[in-house]
Amino acid sequence: MTQISKMSDGALSPILQSHGWAYLAPLELTEDGFRYPLVLKSGAVATLEVMTAPGCIVVRGQKHCKELAAIAEHMLSLDFPLHEFEAMCKQKKATRLLRLAKQGWGRMLRSPTLWEDAVKTLCTTNASWGYTGKMCRNLCEQLGETAPSGMKTFPRPERVIKAGEQFLKEQVGMGYRSKSLLLLAKKTGDVSWLMDPTLKSDAMTAEKEILSWHGFGKYATRHLLVLMGFHEYLPIDREVGSHLGIRKAGDKGSNLDSDHFEDWGKFRFTAYKLS
C-alpha cells in the first residue's frame, strides 16, 4: 500500500459524496473506498484501488504504484487549498462551513483526465441523471479497454474517433451530443493541456477556450472549470438556479448568472456547495 494522505479515516467519504461523479462508470464504490480501471501513460491497463486505513487514505497495489498514487491524488483534489478556505470561514465567522471543511468537505471528486471530465460534463447537458449514467456506462462497455480486474476503462479519444458519429448516436445513445463528443475527441491533439491532470492554466484563458467547444455553453464550461480547480465560478443550471431563487422552472428567459456568493472570491463555488 502507498499512503497518499494523512487525512482522517472519514475524509474520503466527503470527497466521494461531493457530486455524482462517484456513481458514473467506470468508478465502482467499495466498502471502504473505490476501484477505477484506467489506461496508464505506458498504455498498460490497470485498476486503481483507493481506500481508508487508520488515519490516512491509501492506494493498494504493487505495480505502477507511483503513477497510480499521483492519479489518486488528482482524482481526490488533494491539491485544493482547503486550509485557505478554512481561514476565510474563520474571517467571515462562517462556523457551519468551517465545521464542514474541517470534516473534509470542499474537495471535488474528478476523473483521472480532463478529457473524461469534459465528456461526462457533456453527458449532463439536457439529460436526466439516469440518462447521464446510461451514456457513461455505454461508453465504457462498448469503447473501453478491459483491465485485468475485468472492469472496462473510460474510452480514450482515439477509440471514440474510430467509432464514429453514427455509432455514438445509435449504439452509445449520445444523441445530438455525438457530434460534440467527436469534435472534442479530435481536438485533444490540438489542446495539449486537455489531457494534462496537472493543469495550471489561467482561468479566463481556460474559460474562453472551453466556451469555443461545440456543445459547451456557460453551465458546462463553468462546471468543467470547477473540476479544474477554479472555484471562483458558479455553474448555474436549472436545478442550481431554482435553489438560489434566480430562475423559476420553465422560465427560459431568466438570467442564468447571479452575484450569489461573490464575496467568497476564489472559493465562491466551495461556499455555495457547502451551504
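Reader: How many of the seven residues of β3 are buried?
Author: This is a predicted model, in which local features need pLDDT of at least 70, side-chain atom pairs count only at pLDDT 80 or more, and totals for chains, interfaces and linings use all residues. Residues are numbered from 1 along each chain as its sequence is written, and side-chain values use heavy atoms, without hydrogens or water. Strands (E, at least two residues) and helices (H or I, at least four) are DSSP runs numbered from the N terminus; buried means under 20% relative accessible area, exposed over 50%, partly exposed in between (1.4 Å probe, protein chains only). The rest of the structure largely encloses β3, because its buried residues number five.

Reader: How many bridges join β3 to β4?
Author: Strand β3 covers residues 33-39. Strands pair if DSSP finds at least two bridges between them. β3 and β4 run antiparallel, and the bridges number seven.

Reader: Which residues of β4 stand opposite Leu38 and Pro37?
Author: Both partners lie in β4. Pro37 faces Thr47. Leu38 faces Ala46. The two names are Ala46 and Thr47.

Reader: Which residue takes a positive phi in the hairpin of β3 and β4?
Author: This hairpin has five residues between the strands. The phi is near 100 degrees, and the residue is Gly43.

Reader: Is β4 mostly covered or uncovered?
Author: β4 spans residues 45-53. Seven of its nine residues are buried. The strand is mostly covered.

Reader: Which residue takes a positive phi in the hairpin of β4 and β5?
Author: β4 pairs with β5 (residues 56-60) over five bridges, in the antiparallel sense. Met51 stands opposite Val58, and Thr52 stands opposite Ile57. Two residues lie between the strands of the hairpin. The phi is near 80 degrees, at Gly55.

Reader: What is the bridge partner of Thr30 in β3?
Author: β2 (residues 28-30) pairs with β3 over three bridges, again antiparallel. The two strands form a hairpin with two residues between them. The partner of Thr30 is Gly33.

Reader: Which strands stand at the edges of the sheet?
Author: The open sheet has five strands in the order β1-β5-β4-β3-β2, with antiparallel pairing. Each edge strand has a single partner, so one side of each lacks a neighbour in the sheet; the edge strands are β1 (2-5) and β2.

Reader: How are α8 and α9 oriented to each other?
Author: The axes of α8 (residues 165-172) and α9 (residues 177-187) come within 8 Å and cross at roughly 135 degrees. Axes are lines fitted to C-alpha atoms, for helices over the stretch in contact, with angles from 0 to 180 degrees between N-to-C directions. Under 35 degrees counts as roughly parallel, over 145 as roughly antiparallel, 65 to 115 as roughly perpendicular, the rest as oblique. α8 and α9 are therefore oblique.

Reader: Which residues of α9 meet α8?
Author: Contact means heavy atoms within 4.5 Å. From α8 come Glu165, Leu168 and Lys169. Their partners in α9 are Ser178, Lys179, Leu181 and Leu182.

Reader: Which helices are included in what covers the buried residues of α9?
Author: The buried residues of α9 are Arg177, Ser178, Ser180, Leu181, Leu182, Leu184 and Ala185. Their cover includes α5 (114-124), α6 (129-143), α7 (157-163) and α8.
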